[in-house]
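Here is a short tour of a protein model, from its overall build down to a few single residues. Have the viewer open and follow along.

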Amino acid sequence: MPITPLMPVYPRCGVRPVRGEGCYLYGEDGARYLDMAAGIAVNALGHGHPKLVEAIAAQAATLMHTSNLYGSPLGEQFAQRLVDATFADTVFFTNSGAEAIDCAIKTARRYHFVNGNPERHTLITFDTAFHGRTLGAISATDQAKMRDGFEPLLPGFKYGKFDDLDAALALIDDNTAGFMVEPIQGEGGIRVASQAFLQGLRKACDERGLLLVLDEVQCGYGRTGKMFAHELYGITPDIMAVAKGIGGGFPLGACLATEEAAKGMVFGTHGSTYGGNPLAMAVGLAVLDVIQEPGFLDHVASVGARLKGALEQMVPNHDHLFEGVRGEGLMLGVKLKSDARAFVAHARDHHGLLTVSGGENVVRILPPLVIGEAEIAECVEKLSEAARVYVPMADE
Ligand code: PLP
């Protein structure tokens, strides 16, 4: 078989969406799907949100791209809004999560470099982490499936055990720059860090002059019912990578940092042709306007709690298949006793329900944050029905 024009790096399924509306996707063949995947935690406002559509159309007609050679009124406005809403003093805009991670890694290294400690170049990251697919991001994970065949990778990473504070602290040496961690691992299977783990990493950073880098690409931007997941832990990072929800479907990411942590990021140290262009900034402002509407995050927290409760009630009815529910807000996972990918395919192909599999045989449920009660009920009904008729393959 000749190679396909689309580089065949994804095992794409048979769903071929051509249109979306709210929490639903419509296929080329007219099939309708309840979208509990939301582009893998991206479409925070659902599909076709009028405010987002309007902002894109208006900005595209006004000014789409200029380059970072010129002043950026919209970029300044959006960065200020993010600074006002977070721990950060400064923001670098990117086009993706992996680029935000690369910027975070560079910012951390430069910090120690300008402090006169260039040997402090190593970030401690964690097993089953996923930080993206650039060479920097795959170097930051120990998952062989991301790394194999791409060596030599970037030096300067050590891998600890997720949620094991003592093991993480034992990895600190003279070369340590800091830690980089997802407060809630997404791809790893909705693994929620404990309070003691994240607070312990923060404390170790404070005591030893290290940097805490958080990857909130998947768990940030309202997904947990807080603007950022670290708010659930009562800590703040020094540097944070954000993407996915920040653009609601438009390719946008950001690396946020404190003034201290970003002190090495001076003229000429970093850049991006498209990063923060006027179209992206108009999108970012429109999404943030909606997320900052009074009651929006409370809505995420309350529907998330209701969905989690309903899933927990469903689990014992299908205990041949389901083991338990985990997660926060609308970043939820149902742990299976058999292969999650096969069940995700079954729910998709036979029940019109889109979910995503994650590590540890977890079915990820990551709906648009604007999801309502009716769709929550439909999701649980479809999952339950899918589980009732599902027969795991014998060799699973
Ligand atoms: N970090 C986390 C936690 C992610 O979940 C992802 C993507 O799934 C990334 C980084 C990479 O983001 P992107 O695919 O936009 O490069």
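The protein's secondary structure comes to 12 helices and 17 strands, where helices (H or I, at least four residues) and strands (E, at least two) are DSSP runs numbered from the N terminus. This is a predicted model, in which local features need pLDDT of at least 70 and side-chain atom pairs count only at pLDDT 80 or more, while totals for chains, interfaces and linings use all residues. Residues are numbered from 1 along each chain as its sequence is written, and side-chain values use heavy atoms, with hydrogens and water left out.

**Overall build**

- The protein has a radius of gyration of 21 Å, which agrees with the value near 21 Å for a compact globule of 396 residues; the radius is taken over C-alpha atoms, and the globule rule is 2.2 Å times the number of residues to the power 0.38.
- Along the principal axes, the C-alpha atoms fill a box of roughly 65 × 55 × 50 Å.
- Of the 396 residues, 53% are buried (buried means under 20% relative accessible area, exposed over 50%, partly exposed in between, with a 1.4 Å probe and protein chains only).
- Among contacts with a separation of 6 or more, 72% are between residues 24 or more positions apart (a contact means heavy atoms within 4.5 Å).

**Surface and charge**

- The accessible surface comes to about 17,400 Å², and 55% of this belongs to carbon and sulfur atoms; the areas come from the Shrake-Rupley method with a 1.4 Å probe, and for residues only the protein chains shown count as cover.
- There are 33 positive and 47 negative side chains, with the centres of the two sets 2 Å apart.
- Lys and Arg count as positive and Asp and Glu as negative, while His and the chain ends are not counted; each charge is placed at NZ of Lys, CZ of Arg, CG of Asp or CD of Glu.

**Aromatic pairs**

- The structure holds seven aromatic pairs (rings of Phe, Tyr and Trp, the last by its six-membered ring, pair if their centres lie within 6.5 Å; planes under 30 degrees apart count as stacked, over 60 as edge-to-face and the rest as tilted).
- One of them is the edge-to-face pair of Phe 126 and Phe 197, at 5.2 Å centre to centre and 80° between the planes.
- This pair links distant parts of the chain, 71 residues apart: Phe 126 sits in strand 5 (residues 122–126) and Phe 197 in helix 8 (residues 195–208).
- Phe 126 is buried at 1% relative accessibility, and Phe 197 is buried with a relative accessible area of 1%.
- Phe 343 and Tyr 390 also form an edge-to-face pair, because their ring centres are 5.1 Å apart and their planes lie at 80°.
- Phe 343 is in helix 11 (residues 340–351) and Tyr 390 in the segment after helix 12 (373–389), so this pair ties together parts 47 residues apart in sequence.
- Phe 343 counts as buried at 0% relative accessibility, as does Tyr 390 at 8%.
- Phe 126, Phe 162, Phe 179 and Phe 197 form one aromatic cluster.

**Two residues to look up**

- Ile 3 lies in the segment before strand 1 (17–21) and is exposed, with a relative accessible area of 65%.
- Leu 332 is found in strand 14 (residues 331–336) and is buried, with a relative accessible area of 0%.
- Leu 332 and Lys 308 are 24 residues apart along the chain, and their C-alpha atoms are separated by 7.2 Å.
- Not counting residues up to four places away in sequence, Leu 332 touches several residues, including Ile 190, Leu 307, Lys 308, Val 363 and Ile 365.
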